[in-house]
Amino acid sequence: MTRSRLMLCILAFIFLSVLAVELLAWRHARAFIVYSEGAKKTDSPEKLGFAAKLAVLFTGIDNPRPRGTRTPADLELTYRDKTVECDNGIILTAWYCPARSNETLAVMFHGNASDKSTLLDEAAALNSLGVSTFLVDFRGSGASSENYTSIGYLEAEDVYNAVRYCQGELPHRRLILYGRSMGAAALLRAVNLGIVQPDGVIVEAVFDRFSGTVANRFRAIGLPSQPFTWLLLFWGGLLLDFNAFSHNPSQYAAALDCPALFMHGGRDQRATVPEAEHVFSAVKAPKRMYIFKNMGHESYCAKEKGLWLHEVSSFLLLIE
């Protein structure tokens, strides 16, 4: 084989290898942010065996539209179905669970790959403290319109539209925002954009950078975080037309000018304690942080209701 043919073969191999990696990254990005219909959700990386992890590497995850089965009635909460019509044509569905008075309303936002029903334990606990709740399905989740997620970036618009609806249709004297994981990132971005001005925020399981939480997922599968993280962010941002690299709650948090309660799981591998502390350190307003030492990326209220209620009730005193 001549030297020129050898060079052409090497260049062709490099080109095809790069193309294969890019196609794989595009497939992973699309599976991550665009919900499928009817597919069985892929188990968390910690539950996958070697063969299953290898299959996910080549096919991407199965990520069906999140649809819950519980309603507030299952927790004996009085509620009304609500629909939020956004200026951009997106339709959000929500539950309004009124408390005894119109003093405080908590507008609540769920995490990734879930829906408003995953916040029912927290809503019932808040209701027991006399706080009305408004549980929102983000775009693509539950019965809301669309079929995608940007892990909190574009969902900041949903936070704004939900808050605007509540202020117009369900006025209360005080308004607090509650967000878990993606919901926390979305509400912090909305605050940073200046499109919402809550009287307080409750932030659970927050990540500091989009790139960091994606890298954590690759490490959980047993893969090196780079270059896969950067490729997934590039293609994900391109698919939904947003800058995924700039999605950083640790920067958004500096705009908070109201009391903030941060809660986090000490064993969280999706968003680690140092990441949450990074976000927390950026807050200049009155703040408190509590770590549930033996918990991961999950509902703290569902497993440690007494501790959760103690932290939240103490926080509510700050905004009275």
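## Close-up views of the sheet and its salt bridges

**View 1. Tyr96 and its partner in strand S4.** Tyr96 has Phe134 of S4 as its bridge partner. The two strands involved, S2 (residues 91-97) and S4 (residues 132-136), are antiparallel and share 4 bridges. Strands pair if DSSP finds at least two bridges between them. Helices (H or I, at least four residues) and strands (E, at least two) are DSSP runs, numbered from the N terminus. This is a predicted model, in which local features need pLDDT of at least 70 and side-chain atom pairs count only at pLDDT 80 or more, while totals for chains, interfaces and linings use all residues. Residues are numbered from 1 along each chain as its sequence is written, and side-chain values use heavy atoms, with hydrogens and water left out.

**View 2. The open sheet of 8 strands.** The strand order is S1-S2-S4-S3-S5-S6-S7-S8, and the pairing is mixed. S1 (80-85) and S8 (287-292) are the edge strands; each has a single partner strand, so one side of each lacks a neighbour in the sheet. On average, neighbouring strands are turned by 20° against each other, direction ignored.

**View 3. Helix H9 on strands S7 and S8.** Helix H9 (residues 273-282) lies across S7 (260-265) and S8, and runs at about 170° to S8. Axes are lines fitted to C-alpha atoms, for helices over the stretch in contact (heavy atoms within 4.5 Å). Angles run from 0 to 180 degrees between N-to-C directions.

**View 4. The salt bridge between Arg70 and Asp121.** The closest N and O atoms of Arg70 and Asp121 are 3.5 Å apart. Arg70 is in the loop between helix H2 (50-59) and S1, and Asp121 is in helix H3 (residues 120-128), so the pair ties together parts 51 residues apart in sequence. A salt bridge is a side-chain nitrogen of Lys or Arg within 4 Å of a carboxyl oxygen of Asp or Glu; by this rule the count is 11. Arg70 is partly exposed at 31% relative accessibility, and Asp121 is partly exposed at 25%. Buried means under 20% relative accessible area, exposed over 50%, and partly exposed in between (1.4 Å probe, protein chains only).

**View 5. The salt bridge between Glu122 and Arg180.** The N to O distance in this pair is 2.7 Å. Glu122 belongs to helix H3 and Arg180 to strand S5, so the contact ties together parts 58 residues apart in sequence. Glu122 is buried, with 0% relative accessibility, and Arg180 is buried at 10%.
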